[in-house]
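Student: Could you take a close look at one part of this structure for me, the sheet and whatever packs on it?

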Amino acid sequence: MAQDVVRAWRPRVPGVTEVLHAAWREHSYPAHTHDTWTVLIVDYGLIGYGLGGTEHAARNAGVTVLPPGVVHDGRSVSAAGFRKRVVYLEQDALDAQLVGHAVDAPLVMDDSLRTRFAGLDRALILREDVAAESLLALVREGLAWHLSGHPAPPHQPPSAPTARTTRDLLDADPTQPIRLADIADRVGVTVPHLVRAFTREFGIPPHRYLVGRRLDLARRRLLAGEPAADVASATGFHDQAHLTRHFRRLLRTTPGRYQREGRVVREPSARGVTRL
(Lines give C-alpha, C1' and ligand atoms only; values in the text may rest on other atoms or scores of the structure.)
Protein backbone atom coordinates (compact mmCIF):
# COMPACT_ATOMS: atom_id res chain seq x y z
CA MET A 1 0.00 0.00 0.00
CA ALA A 2 1.29 3.46 -0.90
CA GLN A 3 2.82 5.55 1.88
CA ASP A 4 1.39 8.86 3.04
CA VAL A 5 3.10 11.80 1.38
CA VAL A 6 3.32 15.44 2.40
CA ARG A 7 5.31 18.01 0.45
CA ALA A 8 5.19 21.76 1.03
CA TRP A 9 7.17 24.79 -0.11
CA ARG A 10 6.91 28.56 -0.38
CA PRO A 11 7.21 29.82 -3.97
CA ARG A 12 8.52 33.22 -5.02
CA VAL A 13 5.22 34.31 -6.58
CA PRO A 14 3.64 37.27 -4.76
CA GLY A 15 0.27 36.44 -3.23
CA VAL A 16 1.07 32.76 -2.60
CA THR A 17 2.17 31.93 0.94
CA GLU A 18 2.54 28.16 0.59
CA VAL A 19 1.93 25.19 -1.69
CA LEU A 20 1.02 21.81 -0.18
CA HIS A 21 0.69 18.40 -1.83
CA ALA A 22 -0.63 15.63 0.43
CA ALA A 23 -1.72 12.01 -0.06
CA TRP A 24 -3.26 10.45 3.06
CA ARG A 25 -5.02 7.13 3.58
CA GLU A 26 -6.57 7.29 7.04
CA HIS A 27 -5.90 10.77 8.27
CA SER A 28 -8.21 13.08 10.18
CA TYR A 29 -7.00 16.53 11.08
CA PRO A 30 -8.53 18.52 13.94
CA ALA A 31 -10.50 21.75 13.78
CA HIS A 32 -8.25 24.70 12.99
CA THR A 33 -8.11 27.97 11.04
CA HIS A 34 -5.76 29.63 8.57
CA ASP A 35 -4.96 33.29 8.07
CA THR A 36 -4.98 32.62 4.32
CA TRP A 37 -7.44 31.60 1.61
CA THR A 38 -7.09 27.84 1.12
CA VAL A 39 -7.70 26.81 -2.50
CA LEU A 40 -7.43 23.15 -3.45
CA ILE A 41 -8.30 20.41 -5.87
CA VAL A 42 -8.65 16.71 -5.07
CA ASP A 43 -7.00 14.28 -7.49
CA TYR A 44 -8.62 11.15 -6.07
CA GLY A 45 -10.73 10.16 -3.09
CA LEU A 46 -13.15 12.15 -1.00
CA ILE A 47 -12.48 14.57 1.86
CA GLY A 48 -15.20 15.15 4.41
CA TYR A 49 -14.91 18.37 6.38
CA GLY A 50 -16.84 20.74 8.55
CA LEU A 51 -16.78 24.44 7.74
CA GLY A 52 -18.58 27.04 9.80
CA GLY A 53 -20.71 24.37 11.48
CA THR A 54 -21.85 22.68 8.23
CA GLU A 55 -20.58 19.43 6.72
CA HIS A 56 -19.17 19.46 3.20
CA ALA A 57 -17.19 17.20 0.88
CA ALA A 58 -14.27 17.99 -1.39
CA ARG A 59 -14.10 15.58 -4.32
CA ASN A 60 -12.17 15.14 -7.55
CA ALA A 61 -14.19 17.75 -9.40
CA GLY A 62 -14.29 21.50 -9.23
CA VAL A 63 -12.22 23.71 -6.94
CA THR A 64 -12.67 24.02 -3.18
CA VAL A 65 -12.02 27.37 -1.50
CA LEU A 66 -11.90 27.81 2.28
CA PRO A 67 -11.82 31.37 3.63
CA PRO A 68 -9.40 32.73 6.24
CA GLY A 69 -10.39 32.75 9.89
CA VAL A 70 -13.16 30.14 9.59
CA VAL A 71 -12.83 26.90 11.57
CA HIS A 72 -12.66 23.69 9.56
CA ASP A 73 -11.44 20.12 9.94
CA GLY A 74 -10.97 17.22 7.50
CA ARG A 75 -10.96 13.44 7.20
CA SER A 76 -10.63 10.59 4.75
CA VAL A 77 -14.05 9.25 3.81
CA SER A 78 -12.91 5.98 2.21
CA ALA A 79 -10.19 3.44 2.93
CA ALA A 80 -8.40 4.49 -0.26
CA GLY A 81 -7.74 7.92 1.24
CA PHE A 82 -7.24 11.00 -0.90
CA ARG A 83 -4.70 13.16 -2.67
CA LYS A 84 -5.02 16.94 -2.72
CA ARG A 85 -3.08 19.89 -4.07
CA VAL A 86 -3.41 23.11 -2.10
CA VAL A 87 -2.35 26.70 -2.77
CA TYR A 88 -2.61 29.08 0.18
CA LEU A 89 -3.26 32.68 -0.86
CA GLU A 90 -2.72 35.86 1.15
CA GLN A 91 -5.77 37.39 2.80
CA ASP A 92 -6.04 40.20 0.29
CA ALA A 93 -6.09 37.78 -2.66
CA LEU A 94 -9.90 37.89 -2.48
CA ASP A 95 -12.26 40.49 -1.07
CA ALA A 96 -13.11 39.95 2.61
CA GLN A 97 -16.79 40.36 1.70
CA LEU A 98 -16.57 36.99 -0.09
CA VAL A 99 -15.86 35.05 3.11
CA GLY A 100 -19.53 34.40 3.83
CA HIS A 101 -20.16 33.18 0.28
CA ALA A 102 -17.21 30.78 0.55
CA VAL A 103 -18.56 29.40 3.82
CA ASP A 104 -21.96 28.80 2.24
CA ALA A 105 -20.67 27.26 -1.01
CA PRO A 106 -16.96 26.30 -0.80
CA LEU A 107 -17.06 23.94 -3.81
CA VAL A 108 -16.89 25.80 -7.12
CA MET A 109 -17.92 23.54 -10.01
CA ASP A 110 -16.09 25.02 -12.98
CA ASP A 111 -13.96 22.82 -15.24
CA SER A 112 -12.04 25.72 -16.77
CA LEU A 113 -11.21 27.10 -13.32
CA ARG A 114 -9.98 23.66 -12.24
CA THR A 115 -7.79 23.43 -15.34
CA ARG A 116 -6.30 26.84 -14.62
CA PHE A 117 -5.65 25.87 -11.01
CA ALA A 118 -3.87 22.69 -12.13
CA GLY A 119 -1.80 24.82 -14.51
CA LEU A 120 -0.97 27.20 -11.67
CA ASP A 121 0.12 24.27 -9.51
CA ARG A 122 2.38 22.96 -12.27
CA ALA A 123 3.88 26.40 -12.88
CA LEU A 124 4.66 26.70 -9.17
CA ILE A 125 6.32 23.27 -9.20
CA LEU A 126 8.48 24.18 -12.18
CA ARG A 127 9.26 27.68 -10.87
CA GLU A 128 7.73 29.29 -13.95
CA ASP A 129 7.07 32.54 -12.13
CA VAL A 130 5.54 34.57 -14.97
CA ALA A 131 3.23 31.69 -15.93
CA ALA A 132 2.26 31.26 -12.28
CA GLU A 133 1.52 34.97 -11.90
CA SER A 134 -0.64 34.88 -15.02
CA LEU A 135 -2.61 31.80 -13.95
CA LEU A 136 -2.93 33.00 -10.37
CA ALA A 137 -4.59 36.19 -11.60
CA LEU A 138 -7.07 34.18 -13.66
CA VAL A 139 -7.80 31.80 -10.76
CA ARG A 140 -8.41 34.70 -8.39
CA GLU A 141 -10.68 36.37 -10.92
CA GLY A 142 -12.61 33.13 -11.47
CA LEU A 143 -13.10 32.51 -7.76
CA ALA A 144 -14.24 36.09 -7.17
CA TRP A 145 -16.63 35.83 -10.12
CA HIS A 146 -18.28 32.71 -8.71
CA LEU A 147 -18.32 33.77 -5.06
CA SER A 148 -19.77 37.20 -5.80
CA GLY A 149 -22.65 35.88 -7.88
CA HIS A 150 -21.34 36.58 -11.40
CA PRO A 151 -21.22 40.41 -11.40
CA ALA A 152 -20.76 42.37 -14.59
CA PRO A 153 -17.03 42.68 -15.40
CA PRO A 154 -15.47 46.14 -14.98
CA HIS A 155 -14.93 48.25 -18.06
CA GLN A 156 -11.56 47.60 -19.70
CA PRO A 157 -9.86 49.47 -22.55
CA PRO A 158 -9.62 47.86 -26.01
CA SER A 159 -7.50 44.72 -26.23
CA ALA A 160 -5.20 45.45 -29.19
CA PRO A 161 -3.36 48.52 -27.75
CA THR A 162 -2.93 46.70 -24.43
CA ALA A 163 -1.46 43.67 -26.16
CA ARG A 164 0.91 45.66 -28.36
CA THR A 165 2.19 47.81 -25.51
CA THR A 166 2.75 44.68 -23.42
CA ARG A 167 4.69 43.06 -26.26
CA ASP A 168 6.86 46.17 -26.61
CA LEU A 169 7.65 46.11 -22.90
CA LEU A 170 8.52 42.41 -23.00
CA ASP A 171 10.69 42.91 -26.07
CA ALA A 172 12.61 45.78 -24.45
CA ASP A 173 14.73 43.27 -22.50
CA PRO A 174 13.38 39.70 -22.42
CA THR A 175 16.22 38.51 -20.19
CA GLN A 176 15.19 40.56 -17.16
CA PRO A 177 12.83 39.30 -14.43
CA ILE A 178 9.39 40.79 -14.92
CA ARG A 179 6.06 40.94 -13.12
CA LEU A 180 2.89 41.12 -15.14
CA ALA A 181 1.38 43.21 -12.33
CA ASP A 182 3.96 45.95 -13.01
CA ILE A 183 3.16 45.93 -16.72
CA ALA A 184 -0.58 45.93 -16.03
CA ASP A 185 -0.20 48.95 -13.72
CA ARG A 186 1.79 50.76 -16.37
CA VAL A 187 -0.79 50.01 -19.06
CA GLY A 188 -3.71 50.75 -16.71
CA VAL A 189 -5.47 47.37 -16.77
CA THR A 190 -5.86 44.31 -14.57
CA VAL A 191 -3.56 41.33 -14.97
CA PRO A 192 -6.41 39.05 -16.17
CA HIS A 193 -7.35 41.61 -18.83
CA LEU A 194 -3.72 41.92 -19.91
CA VAL A 195 -3.39 38.13 -20.25
CA ARG A 196 -6.63 37.79 -22.22
CA ALA A 197 -5.84 40.78 -24.45
CA PHE A 198 -2.36 39.49 -25.27
CA THR A 199 -3.61 35.97 -25.96
CA ARG A 200 -6.42 37.23 -28.17
CA GLU A 201 -4.10 39.46 -30.20
CA PHE A 202 -1.07 37.16 -30.59
CA GLY A 203 -2.41 33.64 -30.06
CA ILE A 204 -0.30 32.81 -27.00
CA PRO A 205 -0.24 34.14 -23.42
CA PRO A 206 2.51 36.59 -22.45
CA HIS A 207 4.54 34.08 -20.43
CA ARG A 208 4.86 31.75 -23.44
CA TYR A 209 5.79 34.66 -25.67
CA LEU A 210 8.52 35.65 -23.20
CA VAL A 211 9.92 32.12 -23.05
CA GLY A 212 10.05 32.07 -26.85
CA ARG A 213 12.01 35.33 -26.95
CA ARG A 214 14.43 33.98 -24.35
CA LEU A 215 14.88 30.78 -26.33
CA ASP A 216 15.68 32.78 -29.47
CA LEU A 217 18.43 34.61 -27.60
CA ALA A 218 19.71 31.37 -26.05
CA ARG A 219 19.95 29.65 -29.44
CA ARG A 220 22.06 32.47 -30.86
CA ARG A 221 24.43 32.42 -27.92
CA LEU A 222 24.75 28.63 -28.04
CA LEU A 223 25.61 28.68 -31.74
CA ALA A 224 28.18 31.39 -30.95
CA GLY A 225 29.90 28.88 -28.68
CA GLU A 226 28.96 30.12 -25.20
CA PRO A 227 28.65 27.45 -22.45
CA ALA A 228 25.07 26.36 -21.82
CA ALA A 229 25.18 27.29 -18.12
CA ASP A 230 26.30 30.83 -18.98
CA VAL A 231 23.66 31.08 -21.69
CA ALA A 232 20.93 30.05 -19.26
CA SER A 233 21.80 32.76 -16.73
CA ALA A 234 22.29 35.40 -19.42
CA THR A 235 18.93 34.83 -21.11
CA GLY A 236 16.57 34.84 -18.13
CA PHE A 237 16.37 31.15 -17.18
CA HIS A 238 16.85 30.01 -13.58
CA ASP A 239 19.64 27.59 -14.47
CA GLN A 240 20.78 25.15 -17.14
CA ALA A 241 18.11 22.61 -16.18
CA HIS A 242 15.42 25.25 -16.66
CA LEU A 243 16.82 26.11 -20.11
CA THR A 244 17.05 22.42 -21.02
CA ARG A 245 13.42 21.77 -20.11
CA HIS A 246 12.20 24.49 -22.45
CA PHE A 247 14.67 23.46 -25.14
CA ARG A 248 13.31 19.92 -25.09
CA ARG A 249 9.75 21.19 -25.21
CA LEU A 250 10.40 23.37 -28.26
CA LEU A 251 13.09 21.50 -30.21
CA ARG A 252 13.11 17.96 -28.76
CA THR A 253 16.82 18.23 -28.03
CA THR A 254 19.17 19.57 -25.37
CA PRO A 255 21.13 22.83 -25.53
CA GLY A 256 24.41 20.87 -25.60
CA ARG A 257 23.36 18.68 -28.53
CA TYR A 258 21.94 21.69 -30.37
CA GLN A 259 25.25 23.49 -29.91
CA ARG A 260 27.40 20.52 -30.97
CA GLU A 261 25.39 19.83 -34.10
CA GLY A 262 25.41 23.50 -34.99
CA ARG A 263 29.20 23.53 -34.83
CA VAL A 264 29.42 20.50 -37.14
CA VAL A 265 27.30 22.24 -39.78
CA ARG A 266 29.48 25.35 -39.69
CA GLU A 267 32.91 23.67 -39.53
CA PRO A 268 34.63 23.75 -42.98
CA SER A 269 36.20 20.56 -44.31
CA ALA A 270 39.75 20.34 -45.63
CA ARG A 271 38.42 20.90 -49.16
CA GLY A 272 36.47 23.98 -48.15
CA VAL A 273 33.10 22.21 -48.25
CA THR A 274 30.80 22.49 -45.28
CA ARG A 275 30.38 19.13 -43.56
CA LEU A 276 26.79 18.09 -42.80
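Tutor: Here's a walk through the sheet, then the helices lying on it, then a salt bridge from the loop between those helices. This is a predicted model, where local features need pLDDT of at least 70, side-chain atom pairs count only at pLDDT 80 or more, and totals for chains, interfaces and linings use all residues. Residues are numbered from 1 along each chain as its sequence is written, and side-chain values use heavy atoms, with hydrogens and water left out.

Six strands make an open, antiparallel sheet, ordered β1-β2-β9-β4-β7-β10. Strands (E, at least two residues) and helices (H or I, at least four) are DSSP runs numbered from the N terminus, and two strands pair if DSSP finds at least two bridges between them. At the edges sit β1 (5-9) and β10 (107-108), each with a single partner, so one side of each has no neighbour in the sheet. β10 pairs with β7 (residues 63-66) over two bridges, and Leu107 in β10 is the bridge partner of Thr64.

Now the helices. α2 (residues 111-126) lies across β1, β2, β4, β7, β9 and β10, at about 100 degrees to β4. α3 (residues 129-147) touches β2, β4, β7, β9 and β10 (heavy atoms within 4.5 Å), and its direction makes about 80 degrees with that of β7. Those angles run from 0 to 180 degrees between N-to-C directions, with axes fitted to C-alpha atoms, for helices over the stretch in contact.

In the loop between α2 and α3 sits Arg127. Arg127 forms a salt bridge with Asp239, closest N and O atoms 3.3 Å apart (the cut-off is a Lys or Arg side-chain nitrogen within 4 Å of an Asp or Glu carboxyl oxygen).
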